[in-house]
Every structure is written in C-alpha cells, then in structure tokens.
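Good morning, and thank you for coming.

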Amino acid sequence: MIKTSAQHIASLRDGRNVFINGERVEDVTCHPAFANSVTWLSKLYDYQHDNLELMTTVDPLTGERYNRIWQLPRSHAELKQRRMALEAWTGLSCGFLGRAPDHVASCISGMVMGIERFERYDKVRAQNLLDYYHYARDNDLYLTYVIINPQADRSKSTGEQKDAFLTAGIAAEDESGLTIRGAKMLATGGIMANEVLVTCLQPLKKGEEEQYAVSFAIPMNAPGLKILSRKSYEEHNKSVFQNPLSSRFDENDALLYFDDVKVPWERVFVHRDTEMCMAQFHETPAHVYQNYQAQVRLMVKMRFLAGVAYRTAEMNGIIALPQVREILGQIAAEAAISESFVNGMESKGQQVGEYFVPDRHLLYAAQVIAQQLYPNFIARLRDLAGGGVIMLPSSTQDFANPEMRALIEKTQQSPIANAEQRVKFFNLAWDAIGSEFASRHTQYEMFYSGATFVTKGSSFRTFDWKRSASLLDAFAGQYELQDEI
C-alpha cells in the first residue's frame, strides 16, 4: 500500500486520547494545536505517490510497492539509493522534522536485518517482529517510539523511584498478553503517528527486568493510552509568513501514560529480558540504521541553514567583507563535515549477513561531533543576523495599515530585496535560529542521541584502537636507545 495524504489524515481520526491545555482533543486533524502540522506531514505521502521510482521499491515476492524507508539494502548501491529517498523526503521540511516516518521505520528495519539475534533469544518473538515489520511496511504506517523513562530522581535507577510504576512496566500478564502501566517519553511526532514502539534503551539493574525489560508495539489509539502533548508552537504561531517553520513543522513531543494498556502477545518482541533489550539495538543494525537516518536529516538541515547564513549576509550587504566570508567559510566547512560523515558511513559500510549496513564507528563519531557542532553553528548564524531578526513588524497586519506599510518600506531596506521580501526572509531566519521552536531544535540536536558521555562512550567502544596501536608500534619499532649508544 502506498498511502495518500487523505488516507493518512483519515487514519488519525481513530479516537486516540490526546490531551493539551487541560482538555482532551476530539480530532487532532483539525485542532488548532496540530492541524497545520498534520496537514503538512501528510503531504509526504502524496510526494511518494508523485515520485514512485525515487521513494518506493518493489517486493520481489508479491510485486507490491512499498516506501524505501522500509528497504533492507543488500549492497552499497541499494543503501545509497535508499538514502537519496530519505534525503528528498527530508528536504521537504528542510530537516526540521526530527521524527518523520523514516526514523522509527529505520529502527524496526535494522532489527529485522539482525533477526538472527532475535531467533537465538526466542523464535516466537522473532516471528512477531517479522510479522510486525511486514504489517507496518505493507500498510505504510507512521511509527514513533518511546525508549527513555521520565527523569524524576535521576540519582536513582528505574526501580528505585518512589512510584514503582512511574516508568511504564508490566503490571500483569495472562494468556492474552501483557498489561502495561506507567509513563514513557519522548513520543516526538506521536500525535501524528499511527503506532508506537515501546521499549527501554537505558540500562536496567539486576531485578528490574521483571517489570521494565520489555519491547512491544501498539496503535496510538490503544485503550488506556494517554498522550500528553507539550505546549504547541503551532497554536501560537499561526501565520506562515511570520513563522514558516513553527506553524507547519511542530512535531509536538508527548509523554505517553499507559493506564493499564493491554498488549497482545503477538505484538511483544522482548519479554522480561534485560540483555535482549540492549541487544535489539546494539547486536542488530537497528541503532546504527536509525541514527544513520538522523544524520541524513541533519545533513539536509545543515545545508539549509548554510543557505540561511549566506542569504543573511547578502540581505545585509556584507557578503564582500573578509570577516564575514571567514564566518561563512567556517559554516560551509561544518556543513561539509555533516555531509562527509554520511558519505563516509556509506562508503565504509559492511555486510551484516545478507544486508549492507553503514559504518558503526563513523556513525557514533558523527553523533559526538554533531552535539558540539550544531549549537555553535546556530551561534554563528545569530552573529551574522544581529538585530535584523528582532526588529521586524509585529505581525502581517502591519502591512495592511497603509501608514505602517509606508514606514516598513522605508525602514526595512536591503540591497537585494524590497521590504516585504526582507521581512519574509528574516521571519524565516528567526524561526530557524532564535524562536522557541528553534530553541527546541537546538536542544533536540544536542540530546536526541543521548547525553554526551553516552555518544562518546559509543565512539570509544567502536573505534579500531588496535589499528592505531599497530601503526604506533610499527613506527616506534624503527629505533631503539641502543642504536645511539
């Protein structure tokens, strides 16, 4: 099935329990906090209809087309072809949809590429995962996930919190499945998604596996599932001219509370097993594959922001100044770093069984560098913009007042644009680098892949230290003290 925008919008009218501003939302597709983002997100599905060769591939067994986000590449060429589809989709939002449908699809696909690890654990659970992969793929589902716990008292482990069911865990089980109670985060995009993967990426202590070491997938309208949205940026930024990003690309992160949610056994992939909770990510290509997608998205986003930087300099008439070109040269280099990591991950990729997987260490190296690079990148853009992104008309209504419009046209000057064009651009620039929406994105890019000690730890574990030591030892072996005595 190759879904259309209309079909995706219709699929969200499923009675899901979304709460915002103290109220339950009857229909997320028309609520002022979500409607624009739902409408825009859904257009991704029309884009795949209009670009079938780029965005889809064919199952050789059934002859049915499916989105490449579910593709399991068997060669470098197939991995690159899939990346071109992800890159095109991401380009539609300029990289500002951090949890678009391709992210968790990449996670599930990576688990399937390592299905042998699931089979060694439990053949029934492995078959559940395979069946779910085909179900989600063939129905063109949009998945999100919740894989971390509410922060609460971070000095204590999951099982040591005051409320044993603060974090979602197994409250009961019977012949029909599990009963889950407690909370999980961060369901980015969950309000617009069809289903959610629920599991634990954070380490668990011995004894905690009985309650918390679980992995499953359920629909977003599952009975008892409550979706608590954060503040909606879209709701407070309705004008596309004034807020072109936050008015349409707000993913509305949400906390999920499982109020005794029933999960059928056929949807359970890991059951009371701490080792397998970790293995599903790190002993299969899942963690690499999902975060490779994130680096493709970041590459597109950095490319877009580099364009914002260059246009800012043009708009302010400072493009020829040596010190400005120095800043732009640094920005260009950092955008190239992001792209180089993606290309490197692909070119250094390896066969994992029958599948071709991006290079693991370059992926973790990219995460470490990105956490440092992105906030500095944004700071450079703010330096270039100066007060231009602040001293703007209060709203589009200012243009409707003839007296105010005349003053705007006099004071909003640029060597390359008229007043309306200048205001339009700097509204966009502010929404990308300085608004509340932009601040959320800076925080997201710094922490979505984990705390810095986590990403640096992954880089440490996956680097080829023996190769470096061998080079060192070979050189040091060329000379000895006794040779000079």
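A cavity is a set of points on a 1 Å grid over the protein atoms alone where a 1.4 Å probe fits but cannot get out, and its lining residues have an atom within 4 Å of a point. Grid points are joined across faces, edges and corners, and a volume is the space filled by probe spheres set on the points.

The model is predicted: local features need pLDDT of at least 70, side-chain atom pairs count only at pLDDT 80 or more, and totals for chains, interfaces and linings use all residues. Residues are numbered from 1 along each chain as its sequence is written, and side-chain values use heavy atoms, with hydrogens and water left out.

There are 3 cavities of 30 Å³ or more. The second largest cavity holds about 50 Å³ of space. Its lining includes Gln295, Met302, Phe341 and Leu373. At least two lining residues come from each of helix 11, helix 12 (322-347) and helix 13 (360-385), where helices are DSSP runs (H or I, at least four residues) numbered from the N terminus. Helix 13 contributes the most, with 4 residues. By class, 8 lining residues are nonpolar, 2 are polar and none is charged; here Ala, Val, Leu, Ile, Met, Phe, Trp, Tyr, Cys and Pro count as nonpolar, Asp, Glu, Lys and Arg as charged, and the others, Gly among them, as polar.

I turn now to the largest cavity, with about 70 Å³ of space. Helix 4 (76-91) and helix 11 (286-315) each give two or more residues to its lining. Among the lining residues are Trp89, Asp102 and Arg297. This lining has 4 nonpolar, 3 polar and 2 charged residues.

Technical notes:
On a 1 Å grid over the protein atoms alone, a cavity is a set of points where a 1.4 Å probe fits but cannot get out, and a pocket is an open set with protein on both sides within 12 Å along at least five of seven lines; lining residues have an atom within 4 Å of a point.
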